[in-house]
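User: I would like to learn how to read a few features of a protein model, taking them one at a time. Could you give the general idea each time and then the case at hand?

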Amino acid sequence: MKVAIGSDKKGFALKELVKKYLLNHSYQVIDVSEKPADDFVDSSLAVTKEVLNGDADKAVMFDEYGVGSALASSKVKGMVTANVVEENTAHMTAMHNGAKAIAIGSGVVGEKLAYNIVQYYLDTEYAGGRHQVRLDMLNKMI
């Protein structure tokens, strides 16, 4: 699985830890921020581009609280990004919302929890079915 990752300055240290975790677990990593982006908008949009272009299967973005990256990414038509602070939401947003990315806040989530969140997210497939109706509704929005 190819996983795109990126961060601003506040999320960079956690991104680097998660990057190492992913590589140690045989994921292919596309790091759009070898150096931290100046702003979460820049890093989240770079990650979003990798996913929507089909270069990455899923993605994880980092900033201080996760909210900014999730908001910026979700503004792009066709993208679903969720701010996640625990494992169950990571699982459910992938399964029911078809989240193409998650955003994690380094000021909220510690290292070990971040590993768990990322693993739950990556291990979960989108269920489709009745959930697709909502995604179709979102994609029709301007």
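Predicted model: local features only at pLDDT ≥ 70, side-chain atom pairs only at ≥ 80, totals over all residues.

User: Which class does Q28 fall into, and where does Q28 lie?

Analyst: Q28 belongs to strand 2, and with a relative accessible area of 46% Q28 is partly exposed. Leaving out residues up to four places away in sequence, Q28 touches M1, K2 and V3.

User: What about K15, buried or exposed?

Analyst: K15, a residue of helix 1, counts as buried, because its relative accessibility is 0%. Its contacts, not counting residues up to four places away in sequence, are I5, G6, S7, D31, S33, E34 and F62.

User: How are two packed helices described?

Analyst: Two packed helices are described by the angle between their axes and the distance between the axes. For helix 2 (residues 40-52) and helix 3 (residues 67-74), the axes come within 8 Å and cross at roughly 50°, and the two helices are therefore oblique to each other. Their crossing is right-handed. On the helix 2 side the contact involves F40, V41, S44, L45 and T48, which meet G68, S69, A72 and S73 of helix 3. By class, the residues of this contact are 4 nonpolar, 5 polar and no charged.

User: Which residues of helix 3 are buried, and what covers them?

Analyst: In helix 3 the buried residues are G68, S69, A70, A72 and S73. Their cover includes helix 2, strand 3, strand 4 (81-83) and strand 5.

User: How do helix 4 and helix 5 cross?

Analyst: The axes of helix 4 and helix 5 come within 8 Å and cross at roughly 20°, and an angle under 35 degrees counts as roughly parallel, so helix 4 and helix 5 are roughly parallel to each other. The crossing of this pair is right-handed. E87, A90, H91 and A94 of helix 4 meet L113, N116, I117, Y120 and Y121 of helix 5. This contact is made up of 6 nonpolar, 2 polar and 1 charged residues.

User: And what is the arrangement of helix 1 and helix 5?

Analyst: Helix 1 and helix 5 have axes that come within 10 Å and cross at roughly 50°, so this pair is oblique. Helix 1 passes helix 5 in a right-handed crossing. From helix 1 the contact takes L14, L17, V18, Y21 and L22, and from helix 5 it takes E111, A114, Y115, V118, Q119 and L122. Sorted by class, the contact between helix 1 and helix 5 has 9 nonpolar, 1 polar and 1 charged residues.

User: Which residues touch the most other members of the largest nonpolar core?

Analyst: The largest nonpolar core has 25 residues, and V18, L22, V60 and I104 touch the most other members. Two or more residues come from each of strand 1 (2-7), helix 1 (12-24), strand 3 (58-63), helix 4 (87-97), strand 5 (101-105) and helix 5 (111-123). Helix 5 contributes the most to this core, with 6 residues. As for L22, its contacts beyond four places in sequence are V3, I5, Y27, V29, V118 and L122. There is also a second, separate core of 10 residues, among them V47, A56, A59 and A70.

How values were computed:
Residues numbered from 1 in each chain as written. Heavy atoms only, no water. Axes fitted to C-alpha atoms, helices over the stretch in contact; angles between N-to-C directions. Helix = DSSP H or I, 4+ residues; strand = E, 2+ residues; numbered from the N terminus. Parallel < 35°, antiparallel > 145°, perpendicular 65-115°, else oblique. Left-handed = near helix turned anticlockwise from the far one by under 90°. Contact = heavy atoms within 4.5 Å. Nonpolar A, V, L, I, M, F, W, Y, C, P; charged D, E, K, R; others polar. Core = buried A, V, L, I, M, F, W, Y, C linked by side-chain atoms within 4.5 Å. Buried < 20%, exposed > 50% of the residue type's maximum accessible area, 1.4 Å probe, protein only.
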